[in-house]
Amino acid sequence: MSTSIRDLWVDTAAQVPRHEARWLCEVAVGLDGEEFHDALDEPVTERMAAHLDAMLARYRAGEPLAYVLGRWGFRRLDLAIDRRVLIPRPDTERVVEVVIELAGGRAATIADLGTGSGAIGLALADELPLDGTRVVITDVDPDALDVARANLVGLGRAARNVTVAAGSWFDALEPGDRFDVVVSNPPYVATGSPLLDPAVAEWEPTSALLAGPDGLDDIRHLVEHAAVHLADDGWLVIEIGADQGGAVLDLLRGAGYRDADIRQDLGGRDRIAVGRRGSGA
């Protein structure tokens, strides 16, 4: 008797958590959601079994599940993910919530700097009103931008509101271009930090993680230069390390931002810094 997709799932669930087993089996057989469920009694091909075996071997070797799967959920999106970009995390979903809140749920112009996979900018394009929203996603790394472009293709109608630009931070933006929100999840881990998960350091791009001896090098740059690209009353929104709230708040206030504040992530930790463009900027 041939092995069914159901058998494959049961066998895989004996090796890894059941929900992870389903994700792996879905990728192996090339079916998602209801289509996967409806096909449970269909036979497994040699190609499917070989694909699953290869993924399980990578996972057992310590490779993060998102890279093994080649995709990862982020808010309403299913993003293509590989080792060229960081794995989007739930804390960063909270960044998107904060931007939507600051925009009042209305159409807005957004610059997502250091976009990586495109997670923040594409989620905002997806969730903000279709008419009147404009999103620029940027990165200095051409490999990361290739991943972001691939994810943009799957965005649907909202893709028409997104522009991809290459360059380091504000160098990627047109001179004089101003935005309602400049948002970034920059590198914010201190070089040599013992808090960095060894698995993250081994598998994920360190250029997107490390930012000098105190982890604030890129955040300082963003705070210093964002105002010239913010509209009147525009907001700067930055994901930060959980221990950086006080230091980043001082940077924002020292640079003249109004309504500077630190927002918490889903676990109640300081993780998002916000500040409104000062009148003199």
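**A guided walk**

Guide: Let us begin with helix 10 (residues 217-225), whose buried residues are D218, I219, L222 and V223. Buried here means under 20% relative accessible area, exposed means over 50%, and partly exposed lies in between (1.4 Å probe, protein chains only). Helices (H or I, at least four residues) and strands (E, at least two) are DSSP runs numbered from the N terminus. This is a predicted model, where local features need pLDDT of at least 70, side-chain atom pairs count only at pLDDT 80 or more, and totals for chains, interfaces and linings use all residues. Residues are numbered from 1 along each chain as its sequence is written, and side-chain values use heavy atoms, leaving out hydrogens and water.

Visitor: Within what arc do the buried residues of helix 10 fall?

Guide: The arc is taken from the directions that lead from the helix axis to the C-beta atoms. Seen down that axis, the buried residues of helix 10 line one face, because they fall within an arc of 135°.

Visitor: Which elements cover those buried residues?

Guide: Contact means heavy atoms within 4.5 Å. The cover of helix 10's buried residues includes strand 3 (109-113), strand 6 (179-184), strand 7 (230-239) and helix 11 (245-254).

Visitor: Which residues touch the most other members of the largest nonpolar core?

Guide: A nonpolar core is a set of buried Ala, Val, Leu, Ile, Met, Phe, Trp, Tyr and Cys residues joined through side-chain atoms within 4.5 Å. The largest one has 41 residues, and those touching the most other members are I110, L124, L155, V162, V183 and V237.

Visitor: What does L155 contact, leaving aside its neighbours within four places in sequence?

Guide: With those neighbours set aside, L155 is in contact with L77, L122, A125, D126 and V162.

Visitor: In what order do the strands of the open sheet run?

Guide: Two strands pair if DSSP finds at least two bridges between them. Seven strands make up the open sheet, with mixed pairing, in the order 5-4-3-6-7-9-8.

Visitor: And which are its edge strands?

Guide: Each edge strand pairs on one side only, and they are strand 5 (162-166) and strand 8 (258-264).

Visitor: What is the bridge partner of D261 in strand 9?

Guide: Strand 8 and strand 9 (residues 270-276) run antiparallel, joined by five bridges. In strand 9, D261 has as its bridge partner V274.

Visitor: At about what angle does helix 7 run to strand 4?

Guide: Axes are lines fitted to C-alpha atoms, for helices over the stretch in contact, and angles run from 0 to 180 degrees between N-to-C directions. Helix 7 lies across strand 3, strand 4 (134-139), strand 5 and strand 6, and its angle to strand 4 is about 170°.

Visitor: How many residues apart are R75 and E127?

Guide: A salt bridge is a side-chain nitrogen of Lys or Arg within 4 Å of a carboxyl oxygen of Asp or Glu, and R75 and E127 form one at 2.6 Å, N to O. R75 is in the loop between strand 1 (71-74) and strand 2 (77-80), while E127 is in helix 7 (residues 119-127). The pair links distant parts of the chain, 52 residues apart.

Visitor: Is R263 buried or exposed?

Guide: R263 forms a salt bridge with D261, the closest N and O atoms being 3.1 Å apart. D261 counts as partly exposed at 33% relative accessibility. With a relative accessible area of 16%, R263 is buried.
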